[in-house]
Number of protein chains: 2
Amino acid sequence: MDKINVGVVGALGAVGNEMIKTLEKSGLNIDELRPLDTFDNAGKVISFKGKQVGVKIAELNAFKGLDLALFSAGATASRMLAPIAIEEGAVVVDNSSAWRMVDHVPLVVPEVNPEALKEHKGLIANPNCSTIQMLVALKPLHSAYGIKRIVVSTYQAVSGSGIAAINELSSQTKNILENKKVDVSVYPHQIAFNALPQIDVFLENGYTKEEMKMINETHKILDPEIKVCPTAVRVPVFRSHSESINVELISDFSIGEVIKLLEESEGITVVDDIDNLKYPLAIEAEGKNNVYVGRIRRDSTIQNGLNLWVVADNLRKGAALNAVQIAEKLVEMNLHKKKKVKELV
Amino acid sequence: MDKINVGVVGALGAVGNEMIKTLEKSGLNIDELRPLDTFDNAGKVISFKGKQVGVKIAELNAFKGLDLALFSAGATASRMLAPIAIEEGAVVVDNSSAWRMVDHVPLVVPEVNPEALKEHKGLIANPNCSTIQMLVALKPLHSAYGIKRIVVSTYQAVSGSGIAAINELSSQTKNILENKKVDVSVYPHQIAFNALPQIDVFLENGYTKEEMKMINETHKILDPEIKVCPTAVRVPVFRSHSESINVELISDFSIGEVIKLLEESEGITVVDDIDNLKYPLAIEAEGKNNVYVGRIRRDSTIQNGLNLWVVADNLRKGAALNAVQIAEKLVEMNLHKKKKVKELV
């Protein structure tokens, strides 16, 4: 396999850190790993395959010689720097929301729509964390039975908001246990020992941006005909998102068939042994690659109704791992050298 | 108003303690307040209207002279002791699940089905916490538009499992922050920084008992025709349950109408000002009597679809307050002296 040079923009963030750990174990033959971050973090050192690597500033000249650049530094950074990286010849895999809904930008979950990669024009978008795990779990069901409608309520971890949010949950929790005052900064309200029915900003239709991402990205990645009704909720969990998913399928199924289908699907682990009180748990998904599915049971209130409890590590499959898997697929399909096209940048 | 003698069984539990606080502020004209608990707790002292009252043992002779007995000491204690209390002439309001689904036992939420009290035969059951708040929020909508189907995912606080669970969440949380070993005792898995998709035991159909309570109690209290599909989840919150509710109504509505209807309904406070990031929150419902409703928005994936976020203090409206409100209604309707009927006991 070709040796390639890979940049990680936002290398010291929660997702960037996870990207570097995932790249270490990936099938990619990496010659240079180049961690990039803000001016404040330049000069810090990260470890990659036993070597110490200095963090460089993510600026105009930072992308020379890179084959791939994985971005996870927020939408503004992606909007500014991804075109430069592409101009320099790198293929960008972007974890922000900046380009996801742009028409000619493929939005990819490798288990779901790898073929979309062929259309890339220098940039591939990594979907939202809560969408990725939902679609990995639902793709096999859509292929087998067709999905008509999804009603989903999420239980999302704070690490989706970065390291500051992880620290905020820790410090608020500690202060509450010690009867001290709680400071609120990352979220609009206290997250410790609470449940916040708001993720990202509110839109005019009364839904949050996070909720609309789950709708729009499902349409783009899986099928524009699927109806999606989401409620996105932040809970005091450090890592791994859980989702309570109610699905209305088009054709009939048996629970046995569904379990078998999910067990045989790539990227899914079924944990559904209620006799022994086994079901997917956020704390057990942490650090794991797969999407965990359990509480698989018929919803008899509608025809072909099904309930699922779906859990995945939001920093891995929900972000870093999916981005690295996209990078691996690009190399495997020899699409990592595809020329940039002016229309994107 | 008649002076009455009121017993509280399980007086030192999380709900019992709240019952006593609620009775203090209630409209009832209480002559004697008699706290009852296990042998281990007898002799302890609670405070009621500025007086210290000794806790007595909940046993055969404990109920003499009581007009009302509020039970919150679990299903086994209710099964054993409620018949004795009734035999002694008290009317029992029982917070356990022991009698809820018994045919001739009224299951009452005062805002929803107060008329059912007239049929009581010495015992009235208090519904499950997660059912109560859902039905307070949905009753006005059912009356106005008719409800066809409910899909609900809950975010339930640990206080629903009693003081031991509150302590377990505290101690597990503290240990995790200090990198110490976590002990698991009340729940089958760690609750701190986690989400457990199991409340109460599993039944043969793959649903938990908590989930089946939400279905069966909705049918008994509100309407047996309403289809209910629940997923009950425990989250690391000390107090107040949150619920993500998706409703399919029978006739059409406008969001403005729904908000007005809910605002004018007894026991409901609408908190739905997304421009100012206001919505119901568990930590803000704590210690409050009302059921809080927000995130009121149309679900356009079905005809007449509606989403709500419903929060209430599980120890108050979900348990103690609802029981005391039943007691108040009984006195108001002069049903607290109704003779016991042999068929119950």
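This is a predicted model: local features need pLDDT of at least 70, side-chain atom pairs count only at pLDDT 80 or more; totals for chains, interfaces and linings use all residues.
Local features require pLDDT of at least 70 and side-chain atom pairs pLDDT 80 or more, whereas totals for chains, interfaces and linings use all residues. Residues are numbered from 1 along each chain as its sequence is written, chains are lettered from A in the order in which they are written, and side-chain values use heavy atoms, without hydrogens and water.

Strand 6 of chain B spans residues 68-71. Helices (H or I, at least four residues) and strands (E, at least two) are DSSP runs, numbered from the N terminus. B:Leu68 and B:Leu70 point one way from strand 6 of chain B, and B:Ala69 and B:Phe71 point the other way. All four are buried, that is, under 20% relative accessible area, with exposed over 50% and partly exposed in between (1.4 Å probe, protein chains only). Strand 6 of chain B pairs in the parallel sense with strand 1 (residues 4-9) of chain B, over 4 bridges. Pairing requires at least two DSSP bridges between two strands. B:Ala69 is the bridge partner of B:Gly7. Strand 7 (residues 91-94) of chain B also runs parallel to strand 6 of chain B, joined by 4 bridges. Here B:Phe71 is partnered with B:Asp94. Strand 6, helix 2 (residues 75-87) and strand 7 of chain B make a right-handed β-α-β unit. Right-handed means that, with the strands pointing away from the viewer, the path from the first strand over the helix to the second runs clockwise.

Strand 3 of chain B pairs antiparallel with strand 4 (residues 51-54) of chain B over 4 bridges. B:Ser47 stands opposite B:Gln52.

The contact between the chains (heavy atoms within 4.5 Å) takes 56 residues from chain B and 56 residues from chain A. About 4,700 Å² is buried between them, 62% of it on carbon and sulfur atoms. Buried area is the accessible area (1.4 Å probe) that two parts lose on being put together, summed over both. Chain B and chain A share 6 salt bridges, each a side-chain nitrogen of Lys or Arg within 4 Å of a carboxyl oxygen of Asp or Glu. One salt bridge joins the side chains of A:Arg149 and B:Asp299 (2.6 Å, N to O). Elements giving two or more residues to the chain B side include strand 9 (147-155), helix 4 (163-177) and strand 13 (291-299) of chain B.

B:His189 lies in the loop between helix 4 and helix 5 (209-221) of chain B. B:His189 counts as buried because its relative accessibility is 12%. Its side chain makes a polar contact with the side chain of A:Tyr279 (3.4 Å). A polar contact is a pair of N or O atoms within 3.5 Å; within protein, one must be able to donate a hydrogen and the other to accept it, and residues adjacent in sequence count only if both atoms are side-chain atoms. Beyond four places in sequence, B:His189 touches residues including A:Leu277, A:Glu284 and B:Leu196.

A:Arg298 lies in strand 13 (residues 291-299) of chain A. A:Arg298 counts as partly exposed because its relative accessibility is 30%. Its side chain reaches the backbone oxygen of A:Phe253 at 2.6 Å. Leaving aside neighbours within four places in sequence, the contacts of A:Arg298 include A:Asp252, A:Asn304 and B:Tyr207.
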